[in-house]
Amino acid sequence: MKVIIALDSFKGSCSAFDACAAVAAGIKSYDPSIETVLMPVSDGGEGLIASLQGSLEERGFHCALCEVTGPYLKKVQCTMLIKDELCVLEMAQCSGIELEEPSRLRACEATTYGLGEAVNFALSRGCRKFKIGLGGSATNDGGTGFLQALGVRFYDAKGQEIVRPMCGKDLAGLKRIDLTGMNPVLRECSFTGICDVKNPLLGKNGATQIFGPQKGLKDNDMYLLESGMENYANLLTQETGRDLRDSPGAGAAGGMGAALVWILGAKLNSGIDEVLDLLELDKVLPGSSLVFVGEGRMDSQSCQGKAPAGVALRAKKQGIPVVALCGCVEEDAEALYNYGIGSMFSICNKPMTLEQSVGSCKALLKRSACNIIRLFERCGGAA
């Protein structure tokens with residue numbers, strides 16, 4: 001009997017790898033002969049590299065480390081996964097919201113410069129195809145810092161080049177963008193942004209107004225950054241002859257989506273689909289009797305590009321049953337049954353506080369998996 005274990009992280013509790021390992025331990029505690037295939041997954045946000053590392057290393061990828069400029073100019077470590085010309089990057093490691101204490105977040109001053117440095121590092125090692133997870137950013141600079149690191153020049157109202165890493169508060173005073181100094185090797189490259197955000201760059205559903213508050217933007221910052229982003233969009237239109245401000249996903253990661261699409265011709269693709277293609281899940285599924293999926297909370301939002309639904313849809317196409325484990329099952333989670341999830345179980349086995357469930361997550365996952373596989377086998381699932 002072969003069981004695929006493809007859980008996302010339980011935020012605040014355990015990583016995707018630890019969650020999968022706990023489920024595998026529960027299955028083995030009942031029947032050590034069962035083959036378990038651990039495939040930690042991510043929808044493209046923070047934790048993408050940690051989730052994929054083990055599985056991709058088995059497929060010939062290797063880790064590369066580099067030091068880059070963090071969102072508030074402190075140096076941070078970036079881990080990327082490389083195979084031949086392909087590089088998988090996680091924006092959150094370079095410019096992420098989790099790199100700073102919540103009380104100290106200030107998107108006006110945050111930069112994406114470090115992500116550009118990471119791309120330069122990969123370019124120097126022969127990479128020409130890039131897949132970048134765009135979730136979890138602390139930034140709202142429209143990707144200007146990223147582009148600046150790649151050779152794009154930005155000039156203020158006085159005609160002076162801005163030589164320090166660009167940040168959100170610089171956008172309102174921009175007067176000119178010069179693309180001529182951009183690294184020429186980029187013409188040989190392809191970029192894919194891994195995300196599920198469809199927001200445009202501007203307006204009530206744009207980067208600043210939707211995502212700004214969680215990055216430390218106050219009401220008095222909103223007008224400055226929104227007007228700055230509009231000025232930036234106008235300059236990009238003048239420079240390129242194209243207006244992509246309303247392009248779906250342009251507002252992803254504080255406008256990083258706009259920089260990728262507008263300047264580098266990138267595609268913005270569903271996070272979980274990109275991840276599952278990298279993991280070659282469709283090749284692993286045949287011969288499986290059961291698939292475990294899961295994340296911290298299951299609700300109707302889990303249908304919208306989240307990992308459990310993405311895995312379940314692929315298993316459904318091959319007629320393989322899927323069980324979901326989570327901390328909490330909301331009433332509207334029944335929508336997930338249409339995506340191939342056969343049943344959902346909360347791992348909480350008695351009344352407990354959030355702190356208790358978080359602290360016991362791995363033990364609860366192990367126990368739940370043991371109970372489920374016991375029922376599955378005894379009901380003939382192994383056949």
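Let me start with strands β4 and β5, residues 75–83 and 86–90, in this predicted model. The two strands pair in the antiparallel sense, over three bridges. For a point of reference on screen, find I82, which stands opposite C87 in β5.

This pair belongs to an open sheet of six strands, in the order β3-β4-β5-β6-β9-β10. The pairing in that sheet is mixed. In general terms, strands of a sheet pair through backbone hydrogen bonds, and they do so either parallel or antiparallel. At the edges of the six-stranded sheet stand β3, residues 62–69, and β10, residues 267–269, each of which pairs on one side only.

Helix α4, which covers residues 113–124, lies across β3, β4, β5, β6 and β9, and runs at about 140° to β3. Helix α8 also packs on the sheet, where it touches β6, β9 and β10. The direction of α8 makes about 160° with that of β9.

Helix α8 has a helical partner as well. In general, two packed helices are described by the angle between their axes and the distance between the axes. For α7, residues 219–240, and α8, residues 252–264, the angle is about 5° and the axes are 12 Å apart. The two helices are therefore roughly parallel to each other. On the α7 side, the contact is made by M229, Y232, A233, L236, T237 and T240. On the α8 side, the contributing residues are G254, A259, W262 and I263.

Two of those names return when we turn to a single residue, N140. Where does N140 lie? Its place is the loop between β6, residues 129–133, and α5, residues 144–149. Is N140 buried or exposed? N140 has a relative accessible area of 1%. Buried means under 20%, so N140 counts as buried. The side chain of N140 makes a polar contact of 3.1 Å with the side chain of T208. Leaving aside residues up to four places away in sequence, N140 touches A107, G168, L171, A207, T208, L225, M229 and G254. Of these contacts, M229 and G254 are the names I had in mind; M229 of α7 and G254 of α8 also take part in the contact between those helices.

Next, helix α9, residues 271–279. Seven of its nine residues are buried, so α9 is largely enclosed by the rest of the structure. The buried residues are G271, I272, E274, V275, L276, L278 and L279. Just after the helix, E280 takes a positive phi of about 55°.

I turn now to the other sheet. Five strands form an open sheet in the order β2-β1-β11-β12-β13, and here the pairing is parallel. β2, residues 35–38, and β13, residues 343–346, stand at the edges with a single partner strand each, so one side of each is left without a neighbour in the sheet. Neighbouring strands in this sheet are turned by 25° against each other on average, again with direction ignored.

Within this sheet, please look at β11, residues 290–298. How many of the nine residues of β11 are buried? The count is seven, so this strand is largely enclosed by the rest of the structure. β1, residues 2–7, runs parallel to β11 and is joined to it by five bridges. β12 in turn pairs with β13, parallel, over four bridges, and V323 stands opposite S343 in β13.

Helix α1 packs on this sheet, touching β1, β2, β11 and β12, and its direction makes about 150° with that of β1.

Finally, α1, residues 16–30, also packs against α13, residues 361–378, at an angle of about 45° with the axes 7 Å apart. The two helices are therefore oblique to each other. The residues of α1 in this contact are D18, A19, A22, V23, A25, G26, I27, S29 and Y30. Those of α13 are K362, L365, K366, A369, C370, I373, R374, E377 and R378. As for handedness, α1 passes α13 in a right-handed crossing.

Technical notes:
Residues numbered from 1 in each chain as written. Predicted model: local features only at pLDDT ≥ 70, side-chain atom pairs only at ≥ 80, totals over all residues. Heavy atoms only, no water. Buried < 20%, exposed > 50% of the residue type's maximum accessible area, 1.4 Å probe, protein only. Pairing = 2+ DSSP bridges. Polar contact = N/O pair within 3.5 Å; in protein donor to acceptor, adjacent residues only side chain to side chain. Contact = heavy atoms within 4.5 Å. Axes fitted to C-alpha atoms, helices over the stretch in contact; angles between N-to-C directions. Parallel < 35°, antiparallel > 145°, perpendicular 65-115°, else oblique. Left-handed = near helix turned anticlockwise from the far one by under 90°.
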